[in-house]
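Dear colleague,

Here is the structure that I promised to hand over, with my notes below it. Please keep it open beside the text as you read.

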Amino acid sequence: MLRRSFFARTVHEVAPDLIGVTLLVDGVGGRIVEVEAYDQEDPASHGYRGRTERNASMFGPPGFAYVYRSYGIHWCLNLVCAGEGVAEAALIRALEPTTGIDQQQRRRGVEGVRALCSGPGKLCQALAITREHDGCALDAAPFELRGREETPRIATGPRIGITRAAELTWRYGIEGSPYLSRRFPPSP
């Protein structure tokens, strides 16, 4: 199981190391196949303009969840990195569902597996993640993060759905995974 100390590094070190890790919430979840990195110097980051009530967890100690609502519709899960007072977090963009698939399908109201967790809002709905999880420790219930069993081939590319610093290649994922929120551009 990953401990808080795993997250006590820069998000640019943690984010690629999360690819292949198993994320469970109350025993339901799967393998992380896609993440995006956000740091305090990044104009697309919630921490860029400083601490607010909404983003306070992002400024907290590493190894905790930062959960926010995107566009007033979808919850998004971020894993806080670096150190207290430094706003760095990895947005979990997609999972390969492996555990509790029936529960995930009911929560999402869909059949099949490929699209269950292929986006940050979808995976939060499938895992029943809400604002109540904001500020929760990642190494204690309801969260469980299991280290990866093998190092996957990791693709990198630009982040999705942002307008500022969109050119930065701070999106990481399992190369060729059918569970990604969106394919990565071909490598040069």
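I begin with helix 1, residues 11-18, in which Val 11, Val 14, Ala 15, Pro 16 and Leu 18 are buried, where buried means under 20% relative accessible area, exposed means over 50% and partly exposed lies in between, all with a 1.4 Å probe and protein chains only. Helices (H or I, at least four residues) and strands (E, at least two) are DSSP runs, numbered from the N terminus. The buried residues of helix 1 pack against strand 2, strand 4 (74-80), strand 5, strand 7 (154-157) and strand 8 (171-174), and contact here means heavy atoms within 4.5 Å. Helix 1 is followed by Gly 20, whose phi is positive, near 100°.

Before going further, please note that this is a predicted model, in which local features need pLDDT of at least 70 and side-chain atom pairs count only at pLDDT 80 or more, while totals for chains, interfaces and linings use all residues. Residues are numbered from 1 along each chain as its sequence is written, and side-chain values use heavy atoms, with hydrogens and water left out.

Helix 2 (residues 101-108) has Gln 104, Gln 105 and Arg 108 as its buried residues. They cover an arc of only 100° around the axis, which puts them on the same side of helix 2; the arc is that of the directions from the helix axis to the C-beta atoms. The partners against which the buried residues of helix 2 pack are strand 2 (28-38), strand 5 (89-99) and helix 3 (120-126). Just after helix 2 comes Gly 109, which takes a positive phi of about 70°.

Next, the nonpolar cores, each of which is a set of buried Ala, Val, Leu, Ile, Met, Phe, Trp, Tyr and Cys residues joined through side-chain atoms within 4.5 Å. The largest nonpolar core has 42 residues, of which Phe 7, Leu 18, Leu 23, Ile 32, Leu 77 and Ile 92 touch the most other members. Apart from it lies another core, of 10 residues, among them Tyr 38, Phe 59, Val 80 and Ala 89.

Val 80, in strand 4, is buried, with a relative accessible area of 0%. Leaving aside neighbours within four places in sequence, Val 80 is in contact with residues including Phe 7, Met 58, Pro 61, Phe 64, Tyr 66 and Ala 89.

Is Arg 93 buried or exposed? Arg 93, which lies in strand 5, counts as buried at 9% relative accessibility. Its contacts, leaving aside neighbours within four places in sequence, include Glu 34, Glu 36, Cys 117, Leu 123, Ile 160 and Ser 181.

Some backbone details also deserve a look. Most residues other than glycine have a negative phi, and most peptide bonds are trans. Asp 26, in the loop between strand 1 (22-25) and strand 2, has a positive phi near 50°, and at 59% relative accessibility Asp 26 counts as exposed. Ala 128, in the loop between helix 3 and strand 6, has a positive phi near 60° and counts as partly exposed, at 33% relative accessibility. A cis peptide bond, with omega about 10°, joins Ala 141 and Pro 142, and Pro 142 lies in the loop between helix 3 and strand 6 (143-146).

Finally, Tyr 68 is found in strand 3 (residues 65-70) and is buried, with a relative accessible area of 11%. The C-alpha atoms of Tyr 68 and Gly 112 are 27 Å apart in space, and the two residues are 44 residues apart in sequence.

With best wishes
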